[in-house]
Amino acid sequence: MFSFFKKKKPIVEKEEVKVVELTDYSDVTKIAEYFKNETGVTFDKQINILTNKVMTFCRQREIISFEKLLSIVDSDAKIKQELIDYLTTNETFFYREFRQVAQLVELVKACVGNVDILCAPSATGEEPYSIAIALLEAGVIPSKFKIVGIDINSDALDRAGEAIYKERNIRNLSAEILDKYFDKHGEQYALKNSVKSLVTFELANLFDPSFLNLGKFDFIFSRNMFIYFDAPTKIKAKNILESMRKNSHQEIFFGHADQL
Ligand SMILES: C[S@@+](CC[C@H](N)C(=O)[O-])C[C@H]1O[C@@H](n2cnc3c(N)ncnc32)[C@H](O)[C@@H]1O
């Protein structure tokens with residue numbers, strides 16, 4: 001018969017099957033536990049803040065869930081470091097709680113030989129550089145002291161190495177000190193090499209066994225890190241730092257807010 005009466009078979013195009021992966025950012029507890037185990041830093045009282053921060057971290061990297069993030073950080077050292085850099089707080093400034101720095105200067109002056117000083121943590125460098133400046137100001141010769149700054153945050157250490165600071169970081173410094181030890185470039189203050197060269201920085205985690213390889217020190221500053229630890233972690237951290245003293249009678253310099 002007439003073929004044009006025949007119903008044409010509809011052309012069925014192959015449907016694209018899209019696999020929609022469901023995101024799950026509901027329970028951050030395991031990330032909080034992981035982070036505390038790795039770094040000592042606790043978010044116990046700031047779980048909502050942690051949820052929002054880690055969710056942003058995941059979204060920026062197209063990681064669909066906290067569970068997935070956990071499996072990634074276990075095998076990917078780069079993402080793990082990025083998470084640490086993202087979640088640690090590096091607030092610091094020059095001549096913070098200066099009275100302790102002044103005490104240290106007197107102790108160093110009274111030492112007969114050379115001294116090794118540890119700043120754990122150093123964040124972006126203001127604390128160890130403050131110590132170096134204060135020692136120079138007191139007339140201590142650079143060959144008498146070595147200062148090591150460590151931190152778990154790699155971004156902070158990169159900035160410590162650059163040693164270029166904003167107005168708010170140098171707010172406690174006098175015009176005379178600024179003039180002597182910094183070069184002003186626009187709104188920024190670049191620390192001179194004569195001070196930069198007196199401090200070495202290392203990426204280190206206080207709770208990693210390799211931390212002890214840093215050696216022993218005459219004086220240890222550990223300020224404003226314990227505020228992020230819970231009580232048992234503070235004890236653990238204190239024991240580690242105490243084991244790194246050359247002289248077991250020398251008190252460690254903790255921050256006033258650290259509440260041991
Ligand atoms: C607020 S800053 C203190 C800087 C400086 N000591 C001061 O008082 O101004 C705290 C620093 O502790 C570091 N931190 C936290 N947990 C650490 C760990 N387990 N090992 C080494 N550094 C850590 C953070 O990365 C951060 O830079």
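Predicted model: local features only at pLDDT ≥ 70, side-chain atom pairs only at ≥ 80, totals over all residues.
Student: What holds the strands of a sheet together, and in which senses can they pair?

Tutor: Strands of a sheet pair through backbone hydrogen bonds, and the pairing may be either parallel or antiparallel.

Student: How many bridges join S1 to S2, and which residue in S2 is the bridge partner of Cys119?

Tutor: Strand S1, residues 115-119, and strand S2, residues 145-151, run parallel and are joined by 5 bridges. The bridge partner of Cys119 is Gly149 in S2.

Student: What is the strand order in the open sheet of 3 strands?

Tutor: The order there is S3-S5-S4, and the pairing is antiparallel. Strand S3 (164-165) and strand S4 (182-185) are at the edges, each having a single partner strand, so one side of each lacks a neighbour in the sheet. S4 pairs with strand S5, residues 188-191, over 4 bridges in the antiparallel sense, and His185 stands opposite Gln188 in S5.

Student: Where is Asp258, and is that residue buried or exposed?

Tutor: Asp258 is placed in the segment after strand S8 (253-254), and Asp258 is buried. To look for a salt bridge, we ask whether a side-chain nitrogen of Lys or Arg lies within 4 Å of a carboxyl oxygen of Asp or Glu. Asp258 has no salt bridge, and the nearest side chain of opposite charge, that of Lys234, is 6.8 Å away.

Student: Which backbone nitrogen atoms does the side chain of Asp258 reach instead?

Tutor: The side chain of Asp258 reaches the backbone nitrogen of Asn224 at 2.9 Å, while a polar atom of that side chain lies 2.6 Å from the backbone nitrogen of Gly255. If residues up to four places away in sequence are not counted, Asp258 touches several residues, including Ser222, Met225, Phe226 and Ile227.

Student: How many residues surround the ligand, and which are the closest?

Tutor: The ligand is surrounded by 23 residues, of which the closest are Asn90, Thr92, Arg96, Asp151 and Asn224. In the side chain of Asp151, an N or O atom is 2.6 Å from an oxygen atom of the ligand. Backbone atoms also take part: a polar backbone atom of Arg223 is 2.8 Å from a nitrogen atom of the ligand, and a backbone N or O atom of Ile152 lies 3.4 Å from a ligand nitrogen atom.

Methods
Residues numbered from 1 in each chain as written. Heavy atoms only, no water. Pairing = 2+ DSSP bridges. Helix = DSSP H or I, 4+ residues; strand = E, 2+ residues; numbered from the N terminus. Buried < 20%, exposed > 50% of the residue type's maximum accessible area, 1.4 Å probe, protein only. Lys, Arg positive; Asp, Glu negative; His and termini not counted. Polar contact = N/O pair within 3.5 Å; in protein donor to acceptor, adjacent residues only side chain to side chain. Contact = heavy atoms within 4.5 Å. Near = heavy atom within 4 Å.
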